[in-house]
Amino acid sequence: MKSHALALALLILFASVARAQSLSLDDLIPAGQASFSGRIVQYILLLTVLSVAPGLLIMVTSFTRFVIAFSFLRSSLGLQSTPANLILVSLSLFLTFFVMAPTFDKAWQEGVQPLIDKRISDAEAYGKITSPFRDFMAKNVREKDLVLFQDFARKLPQATAPADINDLRILVPAFMISELRRGFEIGFLIALPFLVIDLIVAALTMSMGMMMLPPTVISLPFKVLFFVLIDGWNLLVGSLVQSFTGS
């Protein structure tokens, strides 16, 4: 009973304190500070960028090519969940950081760090941060895909000038479909030798009269053994990285 009375007394005390410390709108928005609304907009934009950061990582980096190639590899081997999605995505993520390290460093040193030090304005920082990513995408985009979106941009109702290839509205979708195409090309080359193994095993099982035995049951160990013997992970990852570095 005493505990209930004590809790009621504390509740009344906290309620009275809350009434005494009521918050005024004037305390939140000081008069005469016009930049306060600008700061609110900046915070909203920052939260928006952070919320779509995974999408930005996929759109403007090498992540797409890596994850598609690894997905094709797992499907070609006939493995349903090995390696797990977490492993494939994590490997793609770290390989993306490795390939994009010069781009990230340049964006940080020329754009983010000066902005933090208040040496450049927000608009200037935006240009310096996005410039390295524009250079990376322009280097890896396919000319045909770039021309496609340039033509679309010129046909827009409010288009007043020829579309610039450095415009992110053109460069990002062109880069993405270029990466999708290259990813599927690499996936075809990955799947081809495993398809040959499947065909050989299927022909052997059919000739031996084992109609009811799925060929994948026999071909799976041979495909895994073949991939291990040729040091497939080293070859695949090395080829994917070299496709960006050009070395």
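Predicted model: local features only at pLDDT ≥ 70, side-chain atom pairs only at ≥ 80, totals over all residues.
Student: How much of the protein chain is buried?

Tutor: Buried residues account for 27% of the 247 residues.

Student: Which residues form the nonpolar patch on the surface?

Tutor: A patch takes residues with over 30% relative accessible area, and nonpolar side chains are joined within 5 Å. Here the members are L148, F152, I177, L180 and F184, and together they have about 430 Å² of accessible area. The most comes from α9, with three residues.

Student: Take L148 as one member. Where is L148 found, and is L148 buried or partly exposed?

Tutor: L148 is found in helix α8. Its relative accessibility is 36%, so L148 counts as partly exposed.

Student: How do I read a salt bridge, and how many does the structure hold?

Tutor: Look for a side-chain nitrogen of Lys or Arg within 4 Å of a carboxyl oxygen of Asp or Glu. The structure holds five of them. Then check where each partner lies and how accessible each one is.

Student: Which residue pairs with E185, and where do the two lie?

Tutor: The partner of E185 is R181, with the closest N and O atoms 2.5 Å apart. Both are in helix α9, four residues apart, which is about one turn of the helix. E185 is partly exposed at 35% relative accessibility, and R181 is partly exposed at 39%.

Student: Which parts does the pair of K223 and D198 tie together?

Tutor: These side chains meet in a salt bridge at 3.3 Å, N to O. K223 belongs to helix α10 and D198 to helix α9, so the pair ties together parts that are 25 residues apart in sequence. K223 is buried, at 3% relative accessible area, whereas D198 is partly exposed, at 21%.

Student: What about D145; which residue does D145 bridge to?

Tutor: D145 forms a salt bridge with R142, and the closest N and O atoms are 3.1 Å apart. D145 is buried, with 6% relative accessible area, while R142 is partly exposed, with 25%.

Student: Which residues are linked in a network of salt bridges?

Tutor: R65, E179 and R182 are linked in that way. E179 sits in helix α9, and its relative accessibility of 1% counts as buried. The side chains of E179 and R65 are joined by a polar contact of 2.7 Å. Leaving aside residues up to four places away in sequence, E179 touches S62, T64, R65, N140 and F244.

Student: Last, the backbone. Which residue has a positive phi although it is not a glycine?

Tutor: That is D231, with a phi of about 55°. D231 lies in the loop between α10 (215-229) and α11 (232-245). Its relative accessible area is 44%, so D231 is partly exposed.

Notes. Residues numbered from 1 in each chain as written. Heavy atoms only, no water. Buried < 20%, exposed > 50% of the residue type's maximum accessible area, 1.4 Å probe, protein only. Patch = residues over 30% accessible without salt bridge, like charges linked within 9 Å, V, L, I, M, F, W, Y side chains within 5 Å. Areas by Shrake-Rupley, 256 points an atom, 1.4 Å probe, with all protein chains shown as cover. Polar contact = N/O pair within 3.5 Å; in protein donor to acceptor, adjacent residues only side chain to side chain. Contact = heavy atoms within 4.5 Å.
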